[in-house]
Amino acid sequence: MTNIKEYIYNRLERVMDPEIPTLSVVDLGMITDVIASNDSVTVKFLPTFVACPATSVIRSNIKETLEQSGIPNVNVELENRFSWSSDRVTERGKQLLEKFGLGAPATITDALDLVQIESSKCPHCGSENTTMRSLFGSTLCRSIHYCNDCRQSFERFKPL
């Protein structure tokens, strides 16, 4: 068998975010560490927002997926050393967000500013001629935008 950590990460790619079912917890950058010993495995993860209502579902899905893959004694712990950032979303994750119809978060190069929050590329036509309509979307991690070119509304995964 391959390295146990590699095997576990491979299995974690099957754990999808309940609110964006085409995106795994790995692509969202939610997995911060996998600690494997002879008798147990601990997976540390970060929710995308502190008050994310899907945290308990994700925790349960991680545990269930690994146990079904033959890994006994799985512990899933919330990361408490730092907070999640949208910069943790992988390039593949950003592509999957757009394919799902959500605008991908911008990479934050310095301090987050209003331009980075308001600006978004349209996932429908690729235009950057968009405006933010509401900072609050259907979930805590999304905002609502409008494309002035294709005239479609869309939600965007917030930069954080």
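Me: Which residues of α2 are buried?
Reply: This is a predicted model, where local features need pLDDT of at least 70, side-chain atom pairs count only at pLDDT 80 or more, and totals for chains, interfaces and linings use all residues. Numbering runs from 1 along each chain as its sequence is written, and side-chain values use heavy atoms, with hydrogens and water left out. Taking buried as under 20% relative accessible area and exposed as over 50%, with partly exposed in between (1.4 Å probe, protein chains only), the buried set in α2 is T55, I58, I62, T65 and L66.

Me: Which exposed residues does the opposite face of α2 carry?
Reply: Look at the face turned away from the buried side of α2. The exposed residues there are S56 and Q68.

Me: In what order do the three strands form the open sheet?
Reply: Strands are DSSP runs of E, at least two residues, and helices are H or I runs of at least four, numbered from the N terminus. Two strands pair if DSSP finds at least two bridges between them. The pairing is mixed, and the order is β3-β4-β5.

Me: How many bridges join β3 to β4?
Reply: These two strands run antiparallel, and D33 stands opposite K44 in β4. The number of bridges is five.
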